[in-house]
Amino acid sequence: MMRFLPSEEQTVFAETIDEIVQGHGGSEIAQQWAAGESDAGLALWTQFAELGLTALRVPETQGGFGGSLSDLAIVFERLGYHGVPGPYIESIAFLPALVDEATRDAIVAGEIATVGIDGSVPAALDASVAAHLFHVQAGGLHRATVREEAESLAPTRRLSFLARRVRRRAWTRPRWPRHPTRRPSRLRPC
């Protein structure tokens, strides 16, 4: 039998999200975010990390809650209801399954992550407040940097185009391979 109603636990979780958002200012959070003031939104993010929301889709064996897709739907329904700004989908639902363990642990602890995806979602959300920027290109997830800011119709959605971060190796003195059969020559006096 398929269940379409939220469980009692999910209902309590949704009510907790409502209380936290209202306690941080409710709709004023989005208004401040749109005006470029992100302090209230970041404080809300920190509160959600303390609640464990940022670990919702991380398996229990990796320090998360191992929440289901219906748990995720409940969370995003409540965040959408309140118009909470920020890259929650990227940080909670998408990236934890793709990043290395250290980055996942940082996201679970409350660091914000965002991603741009070539072809489908080229602009990343809220790169200016994110500690971790990623770009999906040619089937791979890569660290990224902001290439340029983008225009958005919604003032609470700050968009940026990202570019794959290229790691440059420091120049080192080349090491010439030694020929395995040749011995270094010795100078002989004439």
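Is the crossing of H1 and H4 left-handed or right-handed? The crossing of these two helices is right-handed, a term used when the near helix is turned clockwise from the far one by less than a right angle. The structure is a predicted model, in which local features need pLDDT of at least 70 and side-chain atom pairs count only at pLDDT 80 or more, while totals for chains, interfaces and linings use all residues. Residues are numbered from 1 along each chain as its sequence is written, and side-chain values use heavy atoms, with hydrogens and water left out.

**Helix packing**

- H1 and H4 pack with their axes 10 Å apart, at an angle of about 30°; axes are lines fitted to C-alpha atoms over the stretch in contact, and angles run from 0 to 180 degrees between N-to-C directions.
- H1 and H4 are therefore roughly parallel to each other, as angles under 35 degrees are classed.
- In this packing, Gln-10, Phe-13, Ala-14, Ile-17, Asp-18, Val-21 and Gln-22 of H1 meet Ser-70, Asp-71, Ile-74, Val-75, Arg-78, Leu-79 and His-82 of H4, where contact means heavy atoms within 4.5 Å.
- The contact of H1 with H4 comprises 7 nonpolar, 4 polar and 3 charged residues; Ala, Val, Leu, Ile, Met, Phe, Trp, Tyr, Cys and Pro count as nonpolar, Asp, Glu, Lys and Arg as charged, and the others, Gly among them, as polar.
- The axes of helix H2 (residues 27-34) and helix H3 (residues 39-51) cross at roughly 130° and come within 7 Å.

**Largest pocket**

- The largest pocket has a volume of about 380 Å³; a pocket is an open set of points on a 1 Å grid where a 1.4 Å probe fits, with protein on both sides within 12 Å along at least five of seven lines, and a volume is the space filled by probe spheres set on the points.
- Its lining holds 20 residues, and Gly-86, Ile-89, Glu-90, Leu-125 and Arg-157 lie nearest the centre; lining residues have an atom within 4 Å of a point.
- H5 gives the largest share of this lining, 4 residues; helices (H or I, at least four residues) and strands (E, at least two) are DSSP runs, numbered from the N terminus.
- By class, 14 residues of the lining of the largest pocket are nonpolar, 4 polar and 2 charged.

**Second largest pocket**

- The second largest pocket has a volume of about 220 Å³.
- Among the residues that line the second largest pocket are Glu-9, Phe-13, Leu-53, Phe-65 and Ile-74.
- H1 contributes the largest share of that lining, 3 residues.

Note on methods: Parallel < 35°, antiparallel > 145°, perpendicular 65-115°, else oblique.
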